[in-house]
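The sequence and structure come before the notes.

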Amino acid sequence: MSAPTPAQEVVNFLPKNLLVPTDFSAESHKALNYARAFVERFASAVHLVHIVEPMPVVAGIEVAPMPLEYPKELGTFERKLAELAKEFSPGSVGRTIVREGSPVDDIVSVAKELRTDLIIISSHGHSGIRHVLFGSTAEGVVRRAPCPVLVLRPQEREFVETAKTTEKRATFSLKTILVPIDFSEGSRRALGYAIAFARQLGAKLICLHVLEVMTYTDPDTTLAAQIQMLRKSLFETTERTLEGFLKEQSAQLPRENILTFSSAPREIIQIAEDRRADVILLAAHGQQAGPGRFLLGSTAERVLRHAPCPVLIVKESES
């Protein structure tokens, strides 16, 4: 069977079922603002989840989790979630869930149980050794999520505006979507999401392909000229390939194509900054790294940590 054409890859991105993990911090409250915008625009249902991670207790040379004081502690968190649910329009909140366990494991488990279309999560993580060794909860969720994940970070350019009224209405102010393309199936999938999102919100697409070609400083002028000709030929061929990849799907959308020679993560972050992108929509190529564990690769992880705007991660294949 031949590979699907771009016209066959249209994605109907209607996130009707949202999951928002929260730890009740100021940083995680940002995800609630974004969820309200999705509720207002797409009539989505939002589910709120809080995972209580047992505190480890050292006994001799063994480490064991300290259980919570049931039901007192869980009841406190359930009441906090109920208060957060009041910030949404009536009828838009589905379930509020409190569980004790591993934040990443349980968030992913809840997302599968609820058949979530989109997880919206704030990334502020933990500082110090814990973060260095294990990474943040947000990164762990991105690696293993069964659906797209919108990752929000502190001090970034935002595409949701919250009215300073008692109703706390949130609306989209999204004008530019940056979608890196490497011609893989995951990239094709991400492009489909980007096009659907752009059409629904009237946004412009910036399609970026980075040619990671080594540069040479050999003093031999003949060799240098040959390398320059090769780069020019490669650039022109890639430009035609990109046009073919984008043909038909985004014909009716405002679009800018960018081809560069550089490091992919660095260029994605720089273009997002220079073009003031409101969101980066990125395909993550998951690789198995042990039972139930996935690696995203250096590009996705570097972009997640350093992007100047929110990042929407789409998996090459989602379970």
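Helices (H or I, at least four residues) and strands (E, at least two) are DSSP runs, numbered from the N terminus. The model is predicted: local features need pLDDT of at least 70, side-chain atom pairs count only at pLDDT 80 or more, and totals for chains, interfaces and linings use all residues. Residues are numbered from 1 along each chain as its sequence is written, and side-chain values use heavy atoms, with hydrogens and water left out.

**Strand residue E100**
- E100 lies in strand β5, residues 93-100.
- Its relative accessibility is 27%, so E100 counts as partly exposed (buried is under 20% relative accessible area, exposed over 50%, partly exposed in between; 1.4 Å probe, protein chains only).
- H50 is 50 residues from E100 in sequence, yet their C-alpha atoms are 8.6 Å apart in space.

**Helix α6**
- α6 spans residues 185-201, 17 residues in total, and its first and last C-alpha are 25 Å apart.
- That is close to the expected 24 Å (1.5 Å times one less than the number of residues).
- Because 13 of its 17 residues are buried, α6 is largely enclosed by the rest of the structure.
- G202 follows α6 and has a positive phi, near 65°.

**Nonpolar cores**
- A nonpolar core is a set of buried Ala, Val, Leu, Ile, Met, Phe, Trp, Tyr and Cys residues joined through side-chain atoms within 4.5 Å.
- The largest has 54 residues, of which F38, L48, I120, L150, I177 and L205 touch the most other members.
- α6 gives the most to this core, 9 residues.
- Another core, of 38 residues, lies apart from it and includes V141, I206, I271 and V311.
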